[in-house]
Amino acid sequence: MNFRKTIILFGILFFLSLGVSAQKAGIKTNLISDAVTSPSLGFEFRMKPKWTMDISGQVNAWNIDDRRWRHWMVQPEARYWFCEAFEDSFIGFHAIGGQFNIGNINNSINFLGSDFSKLRDHRYQGWGVGAGIVYGYDWMLAKHWNLEFCIGVGWIHCWYDKYPCAVCGTKEASGQHDYFGPTKLSLAIEYLF
């Protein structure tokens with residue numbers, strides 16, 4: 001499914017959700033992903049007094065210098081609020097899916113079985129799916145504005161093709177990889193209506 005179809009699908013789901021009881025919903029952006037040139041957009045709507053559904057996504061379609069760090073991802077998440085929806089603490093369960101094209105990233109990170117230093121000399125292109133859990137907290141800033149922080153951990157399974165350099169078109173190998181670790185970090189500003 002391409003990015004345009006994904007956005008249209010989530011837009012339709014969002015507008016259909018406006019008829020859900022307790023008609024409270026929000027639109028948000030993750031300031032952390034926005035700051036690292038991966039613009040984000042999320043929709044959250046109340047399903048029950050203590051349950052909400054959050055559907056967030058981000059895209060990075062740019063090359064910076066010789067580095068390639070392109071991706072899109074979607075992360076639907078069911079949230080249970082300890083107080084009431086859109087106030088105080090919550091836990092959530094999320095799925096994650098997307099595509100990536102990343103390479104020529106100079107680093108020496110080797111984290112929980114994933115060796116990100118391989119991105120220095122190779123480009124990886126593929127897609128992945130996964131799931132995880134999240135904890136978060138919402139601060140009410142004003143009648144319609146919230147600041148939300150959340151952090152999540154989980155698993156992502158990736159299928160990829162490996163290329164010898166960031167701009168080469170000759171495939172070197174194919175493979176699969178399981179990633180375990182952080183799957184979400186968000187500091188979001190949210191407008192509620």
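**Close-up views of a predicted model**

**View 1. Thr37 lies in the loop that runs between helix H2 (31-35) and strand E2 (40-48).** The structure shown here and in the following views is a predicted model. Although Thr37 is not a glycine, its phi is positive, at about 60°. The relative accessibility of Thr37 is 34%, so this residue counts as partly exposed.

**View 2. Phe86 occupies the loop between strand E5 (67-81) and strand E6 (88-103).** Phe86 is a residue other than glycine with a positive phi, near 70°. With a relative accessible area of 1%, Phe86 is buried. Among the residues that touch Phe86 is Thr52, which is presented in the next view.

**View 3. Thr52 is a buried residue of strand E3 (residues 51-60).** The side chain of Thr52 takes part in a polar contact of 2.7 Å with the side chain of Glu44. A polar contact of 2.9 Å links the side chain of Thr52 to that of Trp81. Leaving aside residues up to four places away in sequence, Thr52 touches several others, including Phe45, Arg46, Met47, Glu77, Ala78, Arg79 and Ala85.

**View 4. Two cysteines, Cys83 and Cys150, are shown with their accessibility.** Is Cys150 buried or exposed? Cys150 is buried, with a relative accessible area of 0%. Cys83, by contrast, is partly exposed, and its relative accessible area is 35%. A search of the whole structure finds zero disulfides. A disulfide is a covalent bond that joins the sulfur atoms of two cysteines.

Definitions and conventions. Residues numbered from 1 in each chain as written. Predicted model: local features only at pLDDT ≥ 70, side-chain atom pairs only at ≥ 80, totals over all residues. Heavy atoms only, no water. Helix = DSSP H or I, 4+ residues; strand = E, 2+ residues; numbered from the N terminus. Buried < 20%, exposed > 50% of the residue type's maximum accessible area, 1.4 Å probe, protein only. Polar contact = N/O pair within 3.5 Å; in protein donor to acceptor, adjacent residues only side chain to side chain. Contact = heavy atoms within 4.5 Å. Disulfide = S-S within 2.5 Å.
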